[in-house]
Amino acid sequence: DNLADLRREITACRHCPRLVEWRERTAREKRAAYRNETYWGRPVPGFGDPAARVLLLGLAPGAHGANRTGRPFTGDGTGFLFDALYRAGLADRRESRRAGDGLQLYGLWISNAVRCAPPQNRPTPSERDACLPYLGREIALLRNLRVAVCLGAFAWGAALRTFGVRPKPKFEHGAEHPVPGRGITLLGCYHTSRQNTFTGRLTPEMLDAVLMRARNLGGS
Ligand code: DU
Ligand code: SF4
């Protein structure tokens with residue numbers, strides 16, 4: 001297994017009928033509004049530094065965010081996350097617009113628990129379970145990984161499943177759970193969705209603190 005093969009496999013996946021239909025219909029319906037660009041409309045693979053010590057894990061692509069751009073956490077116009085990654089020294093610039101824009105991550109890999117955009121940002125349990133093996137393979141291939149920052153309860157739950165952690169520690173902002181025998185620590189952080197950033201539930205300072213903790217645990 002290697003990251004390039006995994007990427008190809010994910011990008012070609014058609015396993016979940018509901019999500020294949022949704023991601024492709026959204027792309028068809030919105031393509032006209034973005035006619036000067038390629039509308040991705042496929043599963044969104046992870047990306048970043050193959051030597052990453054830190055993994056940043058989200059829920060799933062946004063219908064008009066990553067489903068359009070091909071890159072997790074881009075295209076929905078907040079800029080909140082990449083600004084913080086830049087401040088933390090984990091990225092070479094303050095924003096990323098889409099896959100292939102030249103952004104470099106340092107010591108960081110960014111990925112989602114589920115790779116296709118789900119309606120209402122809510123994958124079903126069977127869609128989640130169908131997709132999670134990709135995360136398991138990705139984590140196995142990121143050999144220097146020390147920390148997984150889980151953005152939101154869904155990502156936290158996905159990481160716990162992937163590592164087989166039982167009983168399941170509760171998701172909280174600031175939660176910290178070392179995975180026994182794996183040399184990896186899970187960190188909980190509120191998701192960077194607008195719902196959290198516009199309301200001040202997650203502030204830039206709170207995100208900075210989590211990223212600082214992740215860097216310290218990662219030994220960089
Ligand atoms: O082809 P490549 O230089 O391995 O880059 C592929 C992909 O990974 C591209 O989106 C840049 C990103 N990347 C990164 O963010 N940080 C690294 O240290 C190496 C590659
Ligand atoms: Fe495949 Fe995952 Fe997309 Fe389902 S959600 S079709 S398993 S890539």
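This is a predicted model: local features need pLDDT of at least 70, side-chain atom pairs count only at pLDDT 80 or more; totals for chains, interfaces and linings use all residues.
The chain has a mean pLDDT of 95, and 100% of its residues reach 70 or more. For the complex, the predictor gives an ipTM of 0.89 and a pTM of 0.94.

A UniProt record, an unreviewed entry, places the feature "domain: Uracil-DNA glycosylase-like" at residues 45–211. Over residues 45–211 the chain is 31% helix and 16% strand.

Two ligands can be examined next. Around ligand 1 are Phe47, Gly48, Asp49, Gln104 and Leu105. By class, this shell divides into two nonpolar residues, two polar and one charged. Ligand 2 has 14 residues around it, and those that come nearest are Cys13, Cys16, Pro43, Cys116 and Cys131. Helix 2 (17–30) and helix 5 (125–141) are the elements that give two or more residues to the shell around ligand 2. The largest share, three residues, comes from helix 5. Sorted by class, the shell around ligand 2 has 10 nonpolar, one polar and three charged residues.

Take Leu55 as an example: leaving aside neighbours within four places in sequence, Leu55 is in contact with Trp109, Ser111, Leu142, Leu145, Val147, Ala148 and Val149.

Ala155 leads on to helix 6, which covers residues 153–163. The buried residues of helix 6 are Phe154, Ala155, Trp156, Ala158, Ala159 and Thr162. An α-helix has 3.6 residues a turn, so residues three or four places apart point the same way. What covers the buried residues of helix 6 includes strand 2 (54–58), helix 5, strand 4 (147–151) and strand 6 (184–189). After helix 6 comes Gly164, with a positive phi near 65 degrees.

The last stop is Ala63, in the loop between strand 2 and helix 3 (66–69). Why does Ala63 count as buried? Ala63 counts as buried because it has 23 C-beta neighbours inside 10 Å, and the cut-off is 20 or more. Leaving aside neighbours within four places in sequence, Ala63 is in contact with Thr26 and Ala117. Gly75 lies 12 residues from Ala63 along the chain, and their C-alpha atoms are separated by 9.7 Å.

How values were computed: Residues are numbered from 1 along each chain as its sequence is written. Chains are lettered from A and ligands numbered from 1 in the order in which they are written. A residue is near a molecule or strand if its C-beta atom, placed from the backbone, lies within 6 Å of it. Helices (H or I, at least four residues) and strands (E, at least two) are DSSP runs, numbered from the N terminus. Ala, Val, Leu, Ile, Met, Phe, Trp, Tyr, Cys and Pro count as nonpolar, Asp, Glu, Lys and Arg as charged, and the others, Gly among them, as polar. UniProt positions are given in the numbering used here, feature names are shortened, and annotations may be inferred rather than shown by experiment. pLDDT is the predictor's confidence in each residue, from 0 to 100. Two residues are in contact if their C-beta atoms, placed from the backbone, lie within 7 Å. A residue is buried if 20 or more other C-beta atoms lie within 10 Å of its own, exposed if 12 or fewer, and partly exposed in between; C-beta atoms are placed from the backbone.
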